[in-house]
Amino acid sequence: MTTLDKIPYIGPITKNEERVMVATGFRKWGMTGTHLAAMLMRDRIMQKENPYADIFSPQRFEADPMVKKFISANTDVAGQLVKGKLDMRDQSLDALKNDERAVVRINGKRAGAYKD
């Protein structure tokens, strides 16, 4: 699980539910992130200021701009993937010169080739 901005959500799940806490979106950093989450939640329960609380707050999420950015980035990735799959301008293996690379067909299948 990851968040749109790649920073975990740690803290009250909503402004209306201050006592319901969440800690999620650690990606591969769960061991480190959960330690941080424990410290942030401890400070919140003990009513202590924590300089990092706003950075990790689940309420920092702004749906409209973040979702647009997420969709835009992933649409571009999908477009590049489709373009790469449809681009069938394969070169001949024999046409490669030294220090060149290309997509070629070997036994009817596409393959990457490099000649040195």
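Mentor: Helices here are DSSP runs of H or I with at least four residues, strands are E runs of at least two, and both are numbered from the N terminus. On that basis the protein chain reads β-β-α-α-α-β-β along the sequence, which comes to three helices and four strands. This is a predicted model, where local features need pLDDT of at least 70, side-chain atom pairs count only at pLDDT 80 or more, and totals for chains, interfaces and linings use all residues. Residues are numbered from 1 along each chain as its sequence is written, and side-chain values use heavy atoms, with hydrogens and water left out.

Trainee: Okay, L96 then. Why does L96 count as buried?

Mentor: Buried means under 20% relative accessible area, exposed is over 50%, and partly exposed is in between, using a 1.4 Å probe on protein chains only. L96 has 4% relative accessibility, so L96 counts as buried. L96 is found in the loop between α3 (63–86) and β3. Across the protein chain, buried residues make up 20% of the 116 residues.

Trainee: What does L96 touch, not counting residues up to four places away in sequence?

Mentor: Contact means heavy atoms within 4.5 Å. L96 touches Q91, R101, A102, A113 and K115. L96 and Y114 are 7.8 Å apart in space, C-alpha to C-alpha, and 18 residues apart in sequence.

Trainee: What makes up the largest nonpolar core?

Mentor: Five residues: I10, F26, A37, L40 and F56. A nonpolar core is a set of buried Ala, Val, Leu, Ile, Met, Phe, Trp, Tyr and Cys residues joined through side-chain atoms within 4.5 Å, so that's why the name applies. L40 touches I10 and F56 from that set, and also N50, Y52 and A53, leaving aside residues up to four places away in sequence. In soluble globular proteins, nonpolar side chains tend to be buried together.

Trainee: And how do you know that β3 and β4 pair?

Mentor: Two strands pair if DSSP finds at least two bridges between them. Seven bridges join β3 (residues 100–106) to β4 (residues 109–115), and the strands run antiparallel. One of the details: R105 has R110 as its bridge partner in β4.

Trainee: Which residue takes a positive phi in the hairpin of β3 and β4?

Mentor: N107, with phi near 55°, in a hairpin that has two residues between the strands.
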